[in-house]
Amino acid sequence: MGGEENRKSVMIRPQTALPLIATFFAAFWATFPPEIAFIQPDSGSYIQGSQIRGFLYPFFLDSVPLENVAIIQLSIYFAAAALASVAIATSISSTAAGLAFLVFVGANRELVKFCFTILSEGFTLALAMSLVTATAYAVRAKMSGFVAMGLVCACAVDFRPVNWSWVPLIPIAALMVRASWRALAAGIGAERLACSDIDKIDRGLELRMLIDKGSANRRRDVECLDRQHQLYWPGALEF
């Protein structure tokens with residue numbers, strides 16, 4: 001009896017262990033970043049806030065110093081990974097499953113490398129993991145989970161229009177758990193409302209002018225970073 005109580009006392013909850021492991025992965029990659037060019041051929045269109053891009057990622061680039069972009073993207077990526085792994089572990093009562101997911105996304109260089117570039121892929125991966133977290137709460141028939149799914153999908157569509165393919169996951173999740181029509185309507189409504197609001201902001205003259213006004217300075221910042229860190233990809237700044 002005493003032995004069983006001792007074993008229970010030393011057990012580490014997944015809500016504690018998995019975020020700690022995610023922090024370790026983040027610290028590792030921050031110390032030993034993958035070799036990849038910070039500036040990619042498509043980076044210029046994001047830095048300039050091109051009309052062919054959505055609003056959120058160019059606005060993010062305009063809001064932070066470019067030299068801090070990688071560490072911020074890395075932090076967001078592993079915060080999303082930690083939340084998703086905990087959601088998986090608690091939803092199916094399997095810490096091993098949450099750990100397996102975290103190791104896959106945390107040790108996978110081919111995924112983590114996008115955090116170290118000016119491309120929207122890093123944020124898209126973080127949003128995909130956020131969708132896992134939101135879905136885990138939604139399948140418990142919680143309306144807030146469906147609302148979160150809608151908001152995540154709306155952001156993902158702005159980052160990459162192909163992410164419209166995520167939206168059907170909302171009614172699929174609702175059907176799987178036989179959620180109320182109110183929960184389904186809340187999820188779809190949140191997605192539509194958020195998409196509409198993002199589109200209005202995207203078309204807002206003042207914010208668009210703010211990004212365009214900063215593009216020249218951004219170009220100089222990028223060129224300076226390339227000279228300092230030798231991260232120049234030929235042709236990347238030809239925009």
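This dialogue walks through how to read a predicted model of one protein chain.

Colleague: What are the ground rules for this model?

Modeller: This is a predicted model, in which local features need pLDDT of at least 70, side-chain atom pairs count only at pLDDT 80 or more, and totals for chains, interfaces and linings use all residues. Residues are numbered from 1 along each chain as its sequence is written, and side-chain values use heavy atoms, with hydrogens and water left out.

Colleague: Which element has the lowest confidence, and which the highest?

Modeller: Start with the score. pLDDT is the predictor's confidence in each residue, from 0 to 100. Where pLDDT is low, the predicted coordinates should not be read in detail. Here the chain mean is 81, and 77% of residues reach 70 or more. Helix H1 (residues 2-10) is lowest, at a mean of 46. Helix H7 (residues 109-112) is highest, at 96. A contact means heavy atoms within 4.5 Å. Residues 227-239 also stay under 50. For that stretch the model has 24 contacts beyond four places in sequence.

Colleague: How many helices and strands does the chain have?

Modeller: Helices (H or I, at least four residues) and strands (E, at least two) are DSSP runs, numbered from the N terminus. The protein chain has twelve helices and zero strands.

Colleague: What share of the contacts join residues at least 24 apart?

Modeller: Take contacts between residues at least 6 apart in sequence. Of these, 75% join residues at least 24 apart.

Colleague: How is burial read, and what percentage of the chain is buried?

Modeller: Buried means under 20% relative accessible area, exposed over 50%, and partly exposed in between (1.4 Å probe, protein chains only). Of the 239 residues, 42% are buried. Accessible areas come from the Shrake-Rupley method with a 1.4 Å probe; for residues, only the protein chains shown count as cover. The chain's accessible surface is about 12800 Å². Carbon and sulfur atoms account for 64% of that surface.

Colleague: Which residues make a nonpolar surface patch?

Modeller: Patches are made of residues with over 30% relative accessible area and no salt bridge: like charges are joined within 9 Å, nonpolar side chains (Val, Leu, Ile, Met, Phe, Trp, Tyr) within 5 Å. Phe24, Phe28 and Phe32 make one of about 340 Å². Phenylalanine 32 sits in the loop between helix H2 (14-31) and helix H3 (43-47). Phenylalanine 32 counts as exposed because its relative accessibility is 51%.

Colleague: What span should helix H5 have?

Modeller: The expected span is 1.5 Å times one less than the number of residues. Helix H5 (residues 69-91) has 23 residues, so the span should be 33 Å. The end C-alpha atoms are 33 Å apart, which agrees. After H5 comes serine 93, with a positive phi near 55°.

Colleague: What does alanine 87 touch?

Modeller: Alanine 87 is in helix H5. At 3% relative accessible area, alanine 87 is buried. Not counting residues up to four places away in sequence, alanine 87 touches Thr133 and Ala136. The C-alpha atoms of alanine 87 and threonine 133 are 5.5 Å apart, across 46 residues of chain.

Colleague: Are aspartate 158 and valine 147 buried or partly exposed?

Modeller: Aspartate 158 is buried, at 12%. Valine 147 is partly exposed, at 28%. Leaving aside neighbours within four places in sequence, aspartate 158 contacts Gly54, Phe55, Leu56 and Ile198. With that exclusion, valine 147 contacts Ala186, Gly187 and Ala190.

Colleague: How many salt bridges are there?

Modeller: Side chains of opposite charge can pair when their charged atoms come close. A salt bridge is a side-chain nitrogen of Lys or Arg within 4 Å of a carboxyl oxygen of Asp or Glu. The count is five.

Colleague: Which residues are linked in a network?

Modeller: Arg109, Glu110 and Lys113 are linked by salt bridges. Glutamate 110 pairs with arginine 109 at 3.1 Å between the closest N and O atoms. Glutamate 110 also pairs with lysine 113, at 2.9 Å, N to O. Lysine 113 is buried, at 18%, whereas glutamate 110 is partly exposed, at 44%. Elsewhere, glutamate 191 and arginine 192 meet in a salt bridge at 2.9 Å, N to O. Glutamate 191 is buried, at 2%, and arginine 192 is partly exposed, at 40%.
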